[in-house]
Amino acid sequence: MIDKDGIARPGTPERQILDEIRPEGLPRHIAIIMDGNGRWAKARNLPRIQGHRAGAQAVRTTLETTARLGIEVITLYAFSTENWKRPKLEIRALWALLKEFIDSQLETFKKNNLRFQAIGDLERLDPSVRRYVDRARHVTRDCTGTLVQIALNYSGRHELSRVIRTAVADAAQGLLKPETLDEAWIDRHLDTAGVPDPDLLIRTSGEQRISNFLLWQIAYSEIYFTRVLWPDFGTAEFLEAIRAYQQRDRRFGGLSPDAKPESISPGGSPVQA
Ligand code: FPP
């Protein structure tokens, strides 16, 4: 059940978009590449970290809407394995912001029945960050609403290389045979094991790249690019992305249910029946 009034008051532009969204066709899993914090800050002559701070506010708004829509899973790309290349000061500020976010949001997570999970190579995180992440996971472990996955020290290639390493180690111990290594085995060994693949991937800021995010899991995701910078990504933009998703024709390599049947001509080319 969508909590419409909780998301947008009647008569607002947000409510107009919301009214066009079909509750039965919502994406189960939404993944977001939150890009543009730096440019948002630069446009205001502010330090980059102020852009990230404004970005953290956009995370709060987005999570609230996600919970009220009843979306099963949301995955946010907060820190990639490549982000270590940034200036030390920015890196330190990003981790401080994550801790502050967890501190300030844990009660809201519980109130909104949100379950917290981190994905990525968490072993390489600073122990103090891991303590926050572990606490958030522990405190929200019984929540049955939206699963919020925050990608930290994450990249798709790195995740797949960890899966391959596990496979090789299992094989060396005789626990895995070549014929049992199939797509389902890989799914079970990803950081996202047990979680449905994203139906919708959103990237903000006008860049049209995947940037090493969920490479395996987005095989059939619908991708939505918007020029809006992440700190400006509000309820209207989020709802617009979902409305656009609902207008897509998802075929998963097959045909639309309303496609006209064809037969093959003797020459091999398809003929409309
Ligand atoms: C990309 O913008 C954004 C990041 C690398 C960090 C994302 C972090 C947040 C949204 C805030 C903290 C997150 C949580 C979950 C509390 P960019 O810096 O690459 O922007 P630019 O391309 O304009 O420079």
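Here are some numbered notes on the ligand site and the salt bridges of this structure.

1. Before you start, keep in mind that you're looking at a predicted model. So much for the caveat; on to the ligand.

2. Start with the neighbours. There are 15 residues around the ligand, and D35, G38, R39, R48 and R86 are the ones that come nearest. Find these five in the viewer and you'll have your bearings.

3. Now look at the ligand's oxygen atoms. One oxygen atom is 2.7 Å from a polar backbone atom of R39, and an oxygen atom also lies 3.0 Å from a polar backbone atom of G38. With R86 it's the side chain that takes part: an N or O atom there is 2.8 Å from an oxygen atom of the ligand.

4. How much of the ligand does the protein cover? On its own the ligand has 620 Å² of accessible area, and the protein covers 91% of that. The space the ligand takes up is the largest pocket.

5. Which elements give two or more residues to the shell around the ligand? They are α3 (37-42) and α4 (48-69). Helix α4 supplies the largest share, with 4 residues.

6. Moving on to salt bridges: the structure holds 23 of them. One to pick out is between the side chains of R68 and D3, at 3.3 Å from N to O. This pair links distant parts of the chain, since R68 sits in helix α4 and D3 in the segment before α1 (4-7), with the two 65 residues apart. Helix α4, then, turns up both here and in the ligand's shell.

How values were computed: Residues numbered from 1 in each chain as written. Predicted model: local features only at pLDDT ≥ 70, side-chain atom pairs only at ≥ 80, totals over all residues. Heavy atoms only, no water. Near = heavy atom within 4 Å. Polar contact = N/O pair within 3.5 Å; in protein donor to acceptor, adjacent residues only side chain to side chain. Areas by Shrake-Rupley, 256 points an atom, 1.4 Å probe, with all protein chains shown as cover. 1 Å grid on protein atoms, 1.4 Å probe; cavity = no way out; pocket = protein on both sides within 12 Å on 5 of 7 lines; lining within 4 Å. Sits in = over half its atoms within 2 Å of the grid points. Salt bridge = Lys/Arg side-chain N within 4 Å of Asp/Glu carboxyl O.
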